[in-house]
There are 2 protein chains.
Amino acid sequence: MKSRDMSLGIDRRALVSNLVLLPALITPLLSSPVQAQTTPNAPLASWNDGPAKQALFDFVRTTTDQGSSKFVPPDERIATFDQDGTLWVEHPIYTQIVYCLDRVSALATLKPELKKIEPFKTVLSGNPEAMAKLSMHEVATILAATLTGMPVDDFEADVEKWLVTATHPRWKRLYTDLTYQPMQEVLKYLRDNGFKTYIVTGGGQDFVRVYSRRVYGIPPEQVVGTMGGTKFGYDKDGKPFLTKEPRLLLNDDNAGKPEGIHLMIGRRPRASFGNSIGDREMLEYTAAGDGARLMMLVLHDDAVREYAYGPARGLPNSKFGTFTAALDDEAKKDGWIVISMKNDWTRIFAFET
Amino acid sequence: MKSRDMSLGIDRRALVSNLVLLPALITPLLSSPVQAQTTPNAPLASWNDGPAKQALFDFVRTTTDQGSSKFVPPDERIATFDQDGTLWVEHPIYTQIVYCLDRVSALATLKPELKKIEPFKTVLSGNPEAMAKLSMHEVATILAATLTGMPVDDFEADVEKWLVTATHPRWKRLYTDLTYQPMQEVLKYLRDNGFKTYIVTGGGQDFVRVYSRRVYGIPPEQVVGTMGGTKFGYDKDGKPFLTKEPRLLLNDDNAGKPEGIHLMIGRRPRASFGNSIGDREMLEYTAAGDGARLMMLVLHDDAVREYAYGPARGLPNSKFGTFTAALDDEAKKDGWIVISMKNDWTRIFAFET
């Protein structure tokens with residue numbers, strides 16, 4: 001099967017700049033002054049001293065010290081990270097959703113009849129009010145139409161192409177530039193200490209795998225995400241290929257996260273990092289094992305340098321505001337560490353000096 | 001949830017020794033004399049010189065030599081191995097099926113009503129003729145009853161316990177002793193040269209993961225097998241756990257093998273090893289990539305030291321005889337290497353001196 005020529009980018013800019021207005025939550029809170037500190041090559045160089053940084057140091061020390069009663073053999077050092085809102089920006093809209101909406105334009109070029117059919121008509125209109133009213137079923141239709149039905153190789157090539165052109169409306173930078181530098185340092189610090197780092201995301205497994213190595217140093221097989229089936233077949237020359245099917249195998253969110261971890265990794269993580277109620281079961285599953293365990297949650301409380309949304313701790317609610325009061329209570333009760341972006345991080349992005 | 005006390009082993013010996021008669025295929029062919037050779041610590045020490053050993057050496061040389069046009073970066077060095085009949089003995093019956101049949105006895109102890117219900121009644125009778133007539137649907141019922149419905153942790157503990165007691169009827173040794181020493185050397189040789197080795201088996205992913213590291217040096221996350229869903233929940237003390245569900249996610253055989261490889265690994269292997277028609281699509285998928293690729297098939301042509309079954313090349317057919325003439329033709333046409341157990345291997349098992 002020949003790769004299709006995908007005409008990307010049509011209406012994309014207008015679409016994304018309208019979408020940006022949807023959640024309308026760039027609330028102008030004041031952030032505390034950033035504290036200068038530590039040498040750049042030390043572990044966790046972009047972290048201020050405090051309980052979060054200390055918890056990371058303590059966990060690594062206790063699990064890698066052979067004399068410690070909580071020593072963890074290298075083979076068992078597994079750490080899992082949510083992606084959206086934990087490793088990179090999830091506002092104003094998940095990056096993968098932006099990709100899917102962009103793909104609707106490309107699809108409509110290939111199949112002009114879609115321009116007259118809902119929900120594609122609404123997406124192509126770029127009307128934010130109309131788009132905000134799309135039902136879950138309609139959103140699912142858009143995801144199925146843009147993420148399935150093509151050969152796996154074509155999908156990967158298309159995502160790769162999109163990633164080097166699409167930019168975030170606020171920072172005007174590639175989405176892949178918008179990973180949190182302090183979390184990149186956690187990934188590296190854990191790997192330097194023998195931990196195998198995994199992404200465990202509600203996003204599409206195939207989507208995230210396209211850039212996981214380049215962006216996070218995490219190979220495709222260490223990405224656990226929402227998984228769809230594929231279908232093996234042969235092209236007209238008898239060459240085998242896989243087609244992405246609209247058949248959900250696992251929705252890797254909430255309870256799906258520990259289920260996905262079992263499916264893909266086969267054992268319980270030693271450390272888990274999230275930022276929302278969708279990560280709760282992953283953290284609970286991690287915490288339920290014996291020995292040293294580390295559970296951490298990123299709190300978006302920095303409206304100046306990134307965004308501020310809870311709804312816990314008086315932070316504004318939003319479409320993505322899933323750091324709930326219940327999650328906050330569970331974190332307090334069970335000793336999970338909450339990372340304050342405002343207080344714990346000296347910078348958010350690598351491009352900030 | 002409390003672990004159940006499983007009374008294993010009831011009727012097991014009688015059951016297995018009857019099952020052994022089922023395929024009745026220990027055909028008394030003569031094997032060629034074994035050739036002594038090489039030093040024990042050299043790579044592939046249990047291999048005779050010949051095209052198979054040479055193909056392994058050539059593949060590793062060309063993919064790891066930076067000056068070679070077919071050099072493969074370490075990150076891309078993925079090798080996949082079928083298990084039953086490729087890494088260990090699959091005769092007279094798959095090890096996992098023996099486990100399931102044994103588990104029927106344990107189940108019937110917990111639930112005596114099963115003794116009166118088919119297909120459990122037949123299995124408990126130990127009557128080989130009756131068992132040979134079980135339908136696929138009845139076998140599926142047995143697999144579902146014995147492999148699902150329990151907490152993941154209980155299942156793993158039970159398999160572990162079974163593995164250290166159950167023995168193969170012919171060699172009177174643990175099943176885990178019956179791995180092919182020459183294939184263990186291939187696993188090690190590839191790993192020593194930077195390859196990540198995976199098992200890709202039609203067997204249950206959770207079953208094989210229990211012993212994969214101990215037996216093959218392959219960690220759980222590098223086992224791709226037939227996958228079922230799990231369900232996250234809480235026990236009465238609020239502790240989270242996963243239950244194995246009778247919900248098939250992927251049948252990792254035939255076309256399911258490349259689909260499973262994509263799901264679990266996310267890219268195409270560089271080398272694949274199998275022994276049956278169920279491995280054909282995996283080898284085709286491997287072969288369809290660019291650059292150096294290695295596809296190998298183990299041929300069971302050694303009735304004296306192991307078993308002989310085809311049905312290709314005039315070898316007897318059997319329930320497991322899936323090295324078909326069509327597979328043999330495809331191997332010849334596409335340059336896949338056929339490994340003759342009789343001619344290529346100086347010994348079959350590590351316990352042979």
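Predicted model: local features only at pLDDT ≥ 70, side-chain atom pairs only at ≥ 80, totals over all residues.

Visitor: How many helices and strands does chain A have?

Guide: Helices (H or I, at least four residues) and strands (E, at least two) are DSSP runs, numbered from the N terminus. In chain A these come to 14 helices and eight strands.

Visitor: What span is expected of helix α6 of chain A, and what span does the helix reach?

Guide: The expected span of a helix is 1.5 Å times one less than its number of residues. Helix α6(A), residues 136-147, has twelve residues; from first C-alpha to last it reaches 16 Å, close to the 16 Å expected.

Visitor: Which residues of α6(A) are buried?

Guide: A residue is called buried if 20 or more other C-beta atoms lie within 10 Å of its own, exposed if 12 or fewer, and partly exposed in between, with C-beta atoms placed from the backbone. In α6(A), the buried residues include I142(A), T146(A) and L147(A). Viewed down the axis of α6(A), the buried residues fall within an arc of 105 degrees (taken from the directions from the helix axis to the C-beta atoms), so they line one face of the helix. Among the elements that cover them are α3 (95-110), α4 (120-125), β2 (196-204) and β4 (240-250) of chain A.

Visitor: How many residues of strand β6 of chain A are buried?

Guide: Eight of the eight residues in β6(A), which spans 294-301, are buried. Both faces of the strand are covered: one side carries L294(A), M296(A), V298(A) and H300(A), and the other M295(A), L297(A), L299(A) and D301(A).

Visitor: Which strand runs antiparallel to β6(A), and over how many bridges?

Guide: Two strands pair if DSSP finds at least two bridges between them. The antiparallel partner of β6(A) is β7(A), residues 308-309, with two bridges. A hairpin of six residues joins β6(A) to β7(A), and H300(A) stands opposite Y309(A) of β7(A). Two other pairings of β6(A) are parallel: four bridges join β5(A), residues 271-274, to β6(A), and four join β6(A) to β8(A), residues 337-340.

Visitor: What is the handedness of the unit made by β5(A), α12(A) and β6(A)?

Guide: A crossover is right-handed if, with the strands pointing away from the viewer, the path from the first strand over the helix to the second runs clockwise. The β-α-β unit of β5(A), α12(A) (residues 280-287) and β6(A) is right-handed. Its helix, α12(A), is mostly covered, with seven of eight residues buried; among them are R280(A), L283(A) and Y285(A).

Visitor: How many residues does each chain give to the contact between chain A and chain B?

Guide: Two residues are in contact if their C-beta atoms, placed from the backbone, lie within 7 Å. The contact takes 27 residues from chain A and 27 residues from chain B. On the side of chain A, β3 (223-234), β4, α11 (256-264) and α12 each give two or more residues, and α11(A) gives the most, with five.

Visitor: Why may one say that the copies meet through the same surface?

Guide: They do so because 100% of the interface residues of chain A are also interface residues in chain B. Copies are superposed by least squares on the C-alpha atoms of residues with pLDDT of at least 70 in both. Here a rotation of 180 degrees, with 0.0 Å of shift along its axis, superposes chain A on chain B (RMSD 0.0 Å). The two copies are thus related as by a two-fold rotation axis.

Definitions and conventions
Residues numbered from 1 in each chain as written. Chains lettered and ligands numbered in written order.
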